[in-house]
Amino acid sequence: MRTPHVVVVMGVAGTGKTTIGPLLAARLGVPYAEGDDFHPPANIAKMSAGHPLDDTDRWPWLDAIGSWAHGREGLGGVVSSSALKRSYRDRLRAAAPGVVFVHLTGDRKLIEDRMTHRQGHFMPTALLDSQFAALEPLAADEPGVAVDVTGTPEEITARAVRALDALPDLTSR
């Protein structure tokens with residue numbers, strides 16, 4: 001039996017990290033942590049006002065997520081984080097070397113439509129362009145998979161599980 005991975009569900013705002021993350025965690029039988037809950041209040045206020053975060057804003061947030069992921073090593077878990085840049089993913093891997101990424105990907109128009117219809121989230125649709133501008137997709141040498149976000153949450157989750165199952169055992173890394 002493979003050691004459960006800590007999975008970071010990543011992608012631009014509106015791809016469904018908060019929807020797919022808990023579903024994926026349930027399918028894998030591990031706990032889920034909502035990445036937005038790791039943001040300090042100043043970050044949420046900044047984004048709510050329509051201002052994108054800069055790297056200085058993101059480092060403490062990424063460190064908090066990395067600390068959670070480190071604590072779940074060998075036990076498994078799923079956490080959401082945009083993790084848009086390679087440097088952000090490198091920082092997460094520095095804290096928790098065994099993390100695996102599920103990059104939720106999709107057409108910008110579909111993602112914008114989903115953002116327009118969601119309720120109770122602090123991230124305005126106006127910041128979507130900055131998210132796509134910052135996005136550096138997973139590189140071939142990064143442990144993870146890209147999963148398309150078309151279809152129902154259950155279909156997306158099933159694709160993510162299949163893609164994760166197809167990964168080589170990364171526990172020897």
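In strand S5 (144-148), aspartate 148 is the bridge partner of threonine 105. Strand S4 (residues 100-105) pairs with S5 in the parallel sense over five bridges; strands pair if DSSP finds at least two bridges between them. Helices (H or I, at least four residues) and strands (E, at least two) are DSSP runs, numbered from the N terminus.

The model is predicted: local features need pLDDT of at least 70, side-chain atom pairs count only at pLDDT 80 or more, and totals for chains, interfaces and linings use all residues. Residues are numbered from 1 along each chain as its sequence is written, and side-chain values use heavy atoms, with hydrogens and water left out.

Five strands form an open sheet with parallel pairing, in the order S2-S3-S1-S4-S5. Its edge strands, S2 (32-33) and S5, each pair on one side only.

| Helix | Strands touched | Angle between directions |
|---|---|---|
| H1 (residues 17-28) | S1 (6-10), S2, S3 (77-80), S4 | about 155° with S1 |
| H7 (residues 153-166) | S1, S4, S5 | about 155° with S5 |

Contact means heavy atoms within 4.5 Å. Axes are lines fitted to C-alpha atoms, for helices over the stretch in contact, and angles run from 0 to 180 degrees between N-to-C directions.

The count of aromatic pairs comes to one, where rings of Phe, Tyr and Trp (its six-membered ring) pair if their centres lie within 6.5 Å, with planes under 30 degrees apart counted as stacked, over 60 as edge-to-face and the rest as tilted. Tryptophan 59 and tyrosine 88 form this edge-to-face pair, at 5.6 Å centre to centre and 85° between the planes. Because tryptophan 59 lies in helix H3 (residues 55-71) and tyrosine 88 in helix H4 (residues 86-95), the pair ties together parts 29 residues apart in sequence. Tyrosine 88 is buried at 0% relative accessible area, whereas tryptophan 59 is partly exposed at 24% relative accessibility; buried means under 20%, exposed over 50% and partly exposed in between (1.4 Å probe, protein chains only).
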